[in-house]
Protein chains: 2
Amino acid sequence: MQIAIGLYPGFTALDAIGPYQVFTNLPGAEVVLCAERRGALDDDNGLLHLEIDHTFDDVSTPDILLVPGGLVTRRIAKERGPIVDWIRTAHATTTYTTSVCTGALLLGAAGVLDGLRATTHWIAYEQLRAYGEQPTAQRVVVEGKVVTAAGVSAGIDLALTLVGVTHGVETAQAIQLGIEYDPQPPYDAGAPSKAPPAIRELVTGVMGAAEARLLATE
Amino acid sequence: MQIAIGLYPGFTALDAIGPYQVFTNLPGAEVVLCAERRGALDDDNGLLHLEIDHTFDDVSTPDILLVPGGLVTRRIAKERGPIVDWIRTAHATTTYTTSVCTGALLLGAAGVLDGLRATTHWIAYEQLRAYGEQPTAQRVVVEGKVVTAAGVSAGIDLALTLVGVTHGVETAQAIQLGIEYDPQPPYDAGAPSKAPPAIRELVTGVMGAAEARLLATE
């Protein structure tokens, strides 16, 4: 089983590394980090510098395809960047096509979400609606072979859910225990329905401003 | 505030990237990924290739120091590798010295844990005892300025806990909402006390064999 995690400059690190940590513990799975080009690729902070070995063309028929989110996804989706073509083509033969966070916008641009329920980072619900989807507040949405997760950290839950389906409950539980995923957040503010309204407004403002800055400089 | 995440070849990706994702959302924080040398550095899967910009010497007085775990930590701790010296020296002036997973063994080797309660990946409790510590099954252990977390994914909980202390509850909640950390694992097997015994034995066997293979090839 080949699992391709498709990256692009400006992806959000945990979106990709959460599922990566689950999938690389899966016996018999070949996990491939790929991008448009080989070589240097940075995350959205510009602090995490990756060297990429494989292009999208190298990994044209993955069994599982996963794309992380990032503040740049709205632009990439609009401009139909190379990752969108890769998703559309690979989707024809995947067993599962999946996204974390605003990676869902890339699936949307590739036409993968047509007529399906899907989720994304809560701040991007409106952007997902632009693809004709009805976003849900569910953390992981399984619609046949298309699986979408909520923001950033939800990729861990997505990956464990997927392993449970493809390799059975025991394998998924073993990986969960291996990465000691027994979450105990010190606060209960991780979803818009749970966070105090003032916190929600604060985050909406900060993330909106960050995206606006990003779009303005390009 | 400078936050240094100290890496070494063979670190476990999520151990570092969980806290990284929290800390890089912290207003005014400078997050630095550092290692013994500049240049290429791989994780324990050999699949995630990083380019490191900063050496330990470049980041000698961080406010917060964090070290991730990995299967190689027992060896590095025993051989008192460069990261151990860095921890010992920097610890004199840190506000917080912290570890995720078996990163605790590196703190132990640096003498940071002397007389303190601490935690690590559940599979390494015995190894932590070798440093005279009494490991606890707590997910995040705060002992003054020394903060240790359980395995792999527990670094997210550690980082949010720390932000709550240094920057207040509202900032921590805003970051939690920003990374949509509202965990909903599909199973409840993420701690040794919760996983079925057969799963625990399976993971113990697999991880023990992986470490043995690693030590045999060096």
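Predicted model: local features only at pLDDT ≥ 70, side-chain atom pairs only at ≥ 80, totals over all residues.
Modeller: Two strands pair if DSSP finds at least two bridges between them.

Biologist: How many bridges join β4(A) to strand β4 of chain B?

Modeller: Three bridges join β4(A) to β4(B), residues 49-52, and the two strands run antiparallel. In this pairing H49(A) has E51(B) of β4(B) opposite.

Biologist: At what angle do helix α6 and helix α7 of chain A pack?

Modeller: Two packed helices are described by the angle between their axes and the distance between the axes. For α6(A), residues 154-167, and α7(A), residues 169-178, the angle is about 145° and the axes are 6 Å apart. Their crossing is right-handed. From α6(A), the residues L160(A), V163(A), G164(A) and H167(A) meet V169(A), T171(A), A172(A), I175(A) and Q176(A) of α7(A). The residues of this contact comprise five nonpolar, four polar and no charged.

Biologist: In what order do the seven strands of the open sheet in chain B stand?

Modeller: The order is β5-β2-β1-β6-β7-β9-β8 in chain B, with mixed pairing. Strands β5 (54-55) and β8 (140-143) of chain B are at the edges with a single partner strand each, so one side of each has no neighbour in the sheet. Within the sheet, β1(B), residues 2-6, pairs with β2(B), residues 30-35, in the parallel sense over five bridges. There G6(B) is opposite C34(B) of β2(B).

Biologist: Which strands of chain B does helix α3 lie across?

Modeller: Helix α3(B), residues 82-91, lies across β1, β6 (64-67) and β7 (96-100) of chain B, and runs at about 155° to β6(B).

Biologist: Which residues have the most contacts inside the largest nonpolar core?

Modeller: They are I87(A), L106(A), I87(B) and L106(B), in a core of 158 residues. Leaving aside residues up to four places away in sequence, L106(B) touches V67(B), T73(B), I76(B), A77(B), I83(B), V84(B), I87(B) and S99(B).

Notes
Residues numbered from 1 in each chain as written. Chains lettered and ligands numbered in written order. Helix = DSSP H or I, 4+ residues; strand = E, 2+ residues; numbered from the N terminus. Contact = placed C-beta atoms within 7 Å. Axes fitted to C-alpha atoms, helices over the stretch in contact; angles between N-to-C directions. Left-handed = near helix turned anticlockwise from the far one by under 90°. Nonpolar A, V, L, I, M, F, W, Y, C, P; charged D, E, K, R; others polar. Core = buried A, V, L, I, M, F, W, Y, C linked by C-beta atoms within 7 Å. Buried ≥ 20, exposed ≤ 12 C-beta atoms within 10 Å, placed from the backbone.
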